[in-house]
Amino acid sequence: MEKMINGIRRFHDQDPEVRKMFYTRDKTKKLKYHSNADLYESPAASWRDTLSCVMAPDVPKAQDLPEVCGEIMLEYSKEVMKLAELMFEILSEALGLSPNHLKEMDCAKGLWMLCHCFPPCPEPNRTFGGAQHTDRSFLTILLNDNNGGLQVLYDGYWIDVPPNPEALIFNVGDFLQLISNDKFVSMEHRILANGGEEPRISVACFFVHTFTSPSSRVYGPIKELLSELNPPKYRDTTSESSNHYVARKPNGNSSLDHLRI
Ligand SMILES: O=C(O)CCC(=O)C(=O)O
Ligand SMILES: [Fe+2]
């Protein structure tokens with residue numbers, strides 16, 4: 001975990017000329033680097049630079065990744081995928097299903113890795129590092145360095161998540177909410193703009209289905225969970241029609257709103 005944080009810090013510490021080689025706002029690219037993700041959508045751009053890469057199911061080649069962090073991104077992905085499989089087994093059991101149920105739905109198959117850097121912001125009270133949102137994933141596994149900033153919305157209050165580089169944070173995403181028919185609820189969170197002196201590093205591993213078999217797979221509330229007393233709360237959707245879900249919505253609306261029955 002420490003090696004991963006250091007590798008991502010090395011990437012963001014590089015000369016802009018080197019980082020520029022990876023810069024793109026083309027959403028179809030598997031590897032991209034950009035600043036202020038919501039630049040053209042939000043009233044105040046998020047104070048953040050992000051290197052993101054689709055790491056699974058198609059594993060990128062080391063030589064296609066940035067030299068200073070490619071190896072560790074590949075190594076970290078492998079470990080985080082093992083952890084996700086285990087977590088999906090536990091979550092399946094918590095739903096009263098067989099341990100392999102969520103894995104067999106390919107919940108652990110697609111990995112989109114977002115390697116963030118939140119540079120010190122000269123006016124941190126005028127924007128965010130990341131505005132309020134829920135993750136458009138089944139599950140997100142989050143690694144932070146020792147700089148705080150992440151907050152979760154609980155009972156109407158924003159609560160600081162204490163930074164701990166030796167811990168991982170598991171966030172339920174919108175798609176787990178959908179297939180569990182609201183048994184698990186995705187977490188509203190935000191990241192304050194960095195008011196400190198040093199850049200804050202975090203790595204968010206999004207387990208998603210978009211990159212697995214686009215358009216073919218249909219997701220809806222798991223049939224085994226439904227009954228007369230627990231009717232489906234969402235319509236079925238394909239990965240194609242929900243393709244936008246990895247993008248953040250500046251208005252903070254859930255990506256599930258348009259699917260709710
Ligand atoms: O940096 C963080 O702590 C959280 C990042 C995040 O929420 C995201 O990438 O969706
Ligand atoms: Fe998030």
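Guide: Strands E3 (110–118), E5 (139–144), E9 (189–192) and E10 (200–208) each give at least two residues to the shell around ligand 1. Strands (E, at least two residues) and helices (H or I, at least four) are DSSP runs numbered from the N terminus. The model is predicted, so local features need pLDDT of at least 70 and side-chain atom pairs pLDDT 80 or more, while totals for chains, interfaces and linings use all residues. Residues are numbered from 1 along each chain as written, chains are lettered from A and ligands numbered from 1 in the order written, and side-chain values use heavy atoms without hydrogens and water.

Visitor: Which strand supplies the largest share of the shell around ligand 1?

Guide: The shell has 14 residues, the closest being His 116, His 133, His 189, Arg 200 and Ser 202; a residue is near if one of its heavy atoms lies within 4 Å. By class, six are nonpolar, five polar and three charged. Here Ala, Val, Leu, Ile, Met, Phe, Trp, Tyr, Cys and Pro count as nonpolar, Asp, Glu, Lys and Arg as charged, and the others, Gly among them, as polar. The largest share, four residues, comes from E10.

Visitor: How far is a polar side-chain atom of Ser 202 from an oxygen atom of ligand 1?

Guide: A polar contact with the ligand is a pair of N or O atoms within 3.5 Å. An oxygen atom of ligand 1 is 2.7 Å from a side-chain N or O atom of His 116, and an oxygen atom of the ligand is 3.1 Å from such an atom of His 133. For Ser 202 the distance is 2.6 Å.

Visitor: What percentage of ligand 1 does the protein bury?

Guide: Accessible areas come from the Shrake-Rupley method with a 1.4 Å probe. Taken alone, ligand 1 exposes 290 Å². The share buried by the protein is 100%.

Visitor: Which residue is the bridge partner of Phe 128 in E9?

Guide: Two strands pair if DSSP finds at least two bridges between them. E4 (residues 128–133) runs antiparallel to E9, with three bridges. E6 (residues 150–154) is also joined to E9 by three antiparallel bridges, and Leu 150 stands opposite Ile 191. The partner of Phe 128 is Leu 192.

Visitor: Which residue is joined to Ala 56 by a cis peptide bond?

Guide: Omega of this bond is about 10 degrees. The residue lies in the loop between E2 (49–56) and H3 (70–94). It is Pro 57.

How values were computed. A polar contact is a pair of N or O atoms within 3.5 Å; within protein, one must be able to donate a hydrogen and the other to accept it, and residues adjacent in sequence count only if both atoms are side-chain atoms.
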